[in-house]
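I opened this model to take notes on its fold. The entries below follow the order in which I looked things up.

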Amino acid sequence: MSEHDTDTGAVLHAVRESFGDVGMSTPAERIVSAGRARQRRRLFGTAAGVVAGTAALTGLTLGVTDAAQPSTSATGVHIRTVAYTVDSRSDGTVHATWDKQRYFADHEGLQQALNAAGFPVQIRTGEFCRGPQDDGTLDPSGVGPGVDQVMKGERGSDGKVTFVFTPAAMPDGTQLFIGFLSPAQLTSVGGNPGSVERLVPTGVPLTCTTEPPPAHRPPGGTTK
């Protein structure tokens, strides 16, 4: 007798015992068989719902960014999530916005989205890295030398800030490092700066620390 047959026999016995002397016009075997079929349908429906929900949340599409110029064969990404959006533009730039509160739940997703769009970036939370030849220089807002050539911020009429990344302006052998302060670190520096951005080399060990940058609060300024 197989394990399945043994399980089925035990179930049938339990069904019979639970109903006792209650009259049953339908054999217990048919009841159990119907129950197993309903269970399989429920499991299948749940799995399908999870897949559909995940696809809707991610909102990832890959495609041609400039249909008017198909000869360029330009491809890019157009990603929408509750935490961030990343869009490739026909001029070669990458536009991104993110919700600073929700960012902490998916900073790896943001990094992958920017890399997929052709912009080399490494993003961490609570950790700040620099290259071997980097003297650690940052301006009061936490930005290192050369970053303004590859990353700019634009504030829209809705108050949201869109960051514009320019892959073509990245020096060879470098990537952008973005280190966001953790909630505890933000408290220690009064919320400003809220992140560190610097150019770091690729393919070499980086020097990293959990020590946040010095606090700075420019007159009338806001955090990144």
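**Chain overview**

I began with the contacts: of those in the chain with a separation of 6 or more, 56% are between residues 24 or more positions apart. I note here that the model is predicted. I then looked up the secondary structure and found five helices and 11 strands in the chain. The chain has 224 residues, and 32% of them are buried. Its accessible surface comes to about 13,600 Å². Carbon and sulfur atoms hold 55% of that surface.

**Three-stranded sheet**

I next looked up an open sheet of three strands, which has the order β5-β9-β10 and mixed pairing. Its edge strands are β5 (121-125) and β10 (195-201), each of which pairs on one side only. On average, neighbouring strands of this sheet are turned by 20° against each other, direction ignored.

I went through the pairings in turn. β5 runs parallel to β9 (residues 174-180), and five bridges join the two strands. Between β9 and β10 I found seven bridges, in the antiparallel sense.

R124 has G179 in β9 as its bridge partner. I123 stands opposite I178 in β9, and I178 stands opposite E197 in β10.

How many residues of β9 are buried? I found that seven of its seven residues are. On one side of the strand these are T174, L176, I178 and F180.

**Disulfide**

I searched for disulfides and the count came to one. It joins C129 to C208, with an S to S distance of 2.0 Å. The pair links distant parts of the chain, 79 residues apart: C129 lies in strand β6 (residues 128-130) and C208 in strand β11 (residues 207-209). I read 110° about the S-S bond, and the link of C129 and C208 is right-handed.

Is C129 buried or exposed? Its relative accessibility is 0%, so C129 counts as buried. For C208 I found a relative accessible area of 30%, which means that C208 is partly exposed.

**H95**

I looked up H95 in strand β4 (residues 94-98). H95 has 13% relative accessibility and therefore counts as buried. Its side chain makes a polar contact of 3.1 Å with the side chain of T93. Not counting residues up to four places away in sequence, H95 touches T85, V86, D87 and R89, as well as T162, F163 and V164.

**E154**

My last entry is E154, which is found in strand β7 (residues 151-155). The relative accessible area of E154 is 44%, so I put E154 down as partly exposed. Leaving aside neighbours within four places in sequence, I found E154 in contact with K160, V161, T162 and V164. I also looked up T97, 57 residues away from E154 along the chain; the C-alpha atoms of E154 and T97 are separated by 9.9 Å. Reading the two contact lists together, I see T162 and V164 among the residues that H95 touches and among those in contact with E154.

Notes. Residues are numbered from 1 along each chain as its sequence is written. This is a predicted model: local features need pLDDT of at least 70, side-chain atom pairs count only at pLDDT 80 or more; totals for chains, interfaces and linings use all residues. Side-chain values use heavy atoms; hydrogens and water are left out. Two strands pair if DSSP finds at least two bridges between them. Helices (H or I, at least four residues) and strands (E, at least two) are DSSP runs, numbered from the N terminus. Axes are lines fitted to C-alpha atoms, for helices over the stretch in contact, and angles run from 0 to 180 degrees between N-to-C directions. Buried means under 20% relative accessible area, exposed over 50%, partly exposed in between (1.4 Å probe, protein chains only). A polar contact is a pair of N or O atoms within 3.5 Å; within protein, one must be able to donate a hydrogen and the other to accept it, and residues adjacent in sequence count only if both atoms are side-chain atoms. Contact means heavy atoms within 4.5 Å. Accessible areas come from the Shrake-Rupley method with a 1.4 Å probe; for residues, only the protein chains shown count as cover. A disulfide is a pair of cysteine sulfur atoms within 2.5 Å.
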